[in-house]
Amino acid sequence: MARLGAWRSALSICIWLTAAAAGVALVGAVSIIVSGWLARGAEAASGSRQAAEERSALGDYFGGVSAVFSGVALLLLITTLLFQQRELQLQRRELSLQREELAASRAELHRSAEADMRALHVQLTQMAMDDPSLAAVWNDYPGESDATLRQNLFANLVFSHFVLALSWGSYSEEDLVAYARNLLNSPVFLRYWNAARASKSEVPPESPEGRLFRVFEQALADRQRGAPPPSS
């Protein structure tokens, strides 16, 4: 069956090739016949072959002029396309600048909103520090005395300050190591950190607060190992 199918395919190809060759030959023959008719018609209209040749030479002259105009038209078309391409490049560049400005505006709006949220957090913390009974709503440090509660709330504000500084690029993680070690040398801040580290360990690790949490944990580990402070 496979051999029969191969023979049929080969036969079909041969038939198509033969038909194509016959078609080409037929078109060529028809073209020759039509060309002869046209040539005889041109001679009859001109009166003689010599007159037809003279008119053909004159037509060739105008054909050269037409070629010049065609070249000029092509040159103008190419120039127009080049100008359009340049215009498109300028439009793309302008759109790119607009996108960059829009991204910068969004970033600035985000920073402004973040600053407003931080200000609100400071205000709420201040209210809780002024009236420790309000801190029971958050229930972050249950059972602590009023003085300890105020100290923990203030320590959390200090930590939030460094979170904001890290997110805005005011300090790098390396810069904050020295601040973290200095704060952890304070027994009051260390007490706050031991009370808050469990909840802070649950924040996303790539967020500014998560990054700062790792900085303080590293500083705490260095403190427990008795590592010397980083040289300035």
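The legends below describe several close-up views of this predicted model.

**View 1. Confidence along the predicted chain.** Across the protein chain the pLDDT averages 76, and 67% of the residues score at least 70. Confidence is lowest in helix α1, which covers residues 2-46 and has a mean of 55, whereas the highest confidence in the chain belongs to α6, at 91. Where pLDDT is low, the predicted coordinates should not be read in detail.

**View 2. The largest nonpolar core.** This core holds 28 residues, and those with the most contacts inside it are L184, F189, Y192, W193, L212 and F216. At least two residues of the core are supplied by each of the helices α2 (49-130), α4 (146-167), α5 (173-184), α6 (187-200) and α7 (208-225), and the largest share, nine residues, comes from α4. In soluble globular proteins, nonpolar side chains tend to be buried together.

**View 3. The surroundings of F216.** F216 is one of the residues with the most contacts inside the largest nonpolar core. When its neighbours within four places in sequence are left aside, F216 is in contact with F159, A180, L183, L184, F189 and W193, and among these partners L184, F189 and W193 are themselves listed with the most contacts inside the core.

**View 4. The crossing of α4 and α6.** The axes of these two helices, α4 and α6, come within 9 Å and cross at roughly 70 degrees; angles of 65 to 115 degrees count as roughly perpendicular, and α4 and α6 are therefore roughly perpendicular to each other. The crossing in which α4 passes α6 is right-handed. On the α4 side the residues that meet the other helix are T148, Q151, N152, A155, N156 and F159, while on the α6 side they are V188, F189, R191, Y192, W193 and K200.

**View 5. K200, a buried residue of α6.** K200 lies in helix α6, and K200 counts as buried because its relative accessible area is 7%, where buried means under 20%. Not counting residues up to four places away in sequence, K200 touches N156, F159, Y192, W193, E209 and F213, and of these partners N156 and F159 are among the α4 residues that meet α6.

**View 6. T125, a buried residue of α2.** T125 is found in helix α2, and with a relative accessible area of 1% T125 is buried as well. Its contacts, once neighbours within four places in sequence are left aside, are with W138, L153 and L157.

Conventions. Residues numbered from 1 in each chain as written. Predicted model: local features only at pLDDT ≥ 70, side-chain atom pairs only at ≥ 80, totals over all residues. Heavy atoms only, no water. Core = buried A, V, L, I, M, F, W, Y, C linked by side-chain atoms within 4.5 Å. Buried < 20%, exposed > 50% of the residue type's maximum accessible area, 1.4 Å probe, protein only. Helix = DSSP H or I, 4+ residues; strand = E, 2+ residues; numbered from the N terminus. Contact = heavy atoms within 4.5 Å. pLDDT = per-residue confidence, 0-100. Axes fitted to C-alpha atoms, helices over the stretch in contact; angles between N-to-C directions. Parallel < 35°, antiparallel > 145°, perpendicular 65-115°, else oblique. Left-handed = near helix turned anticlockwise from the far one by under 90°.
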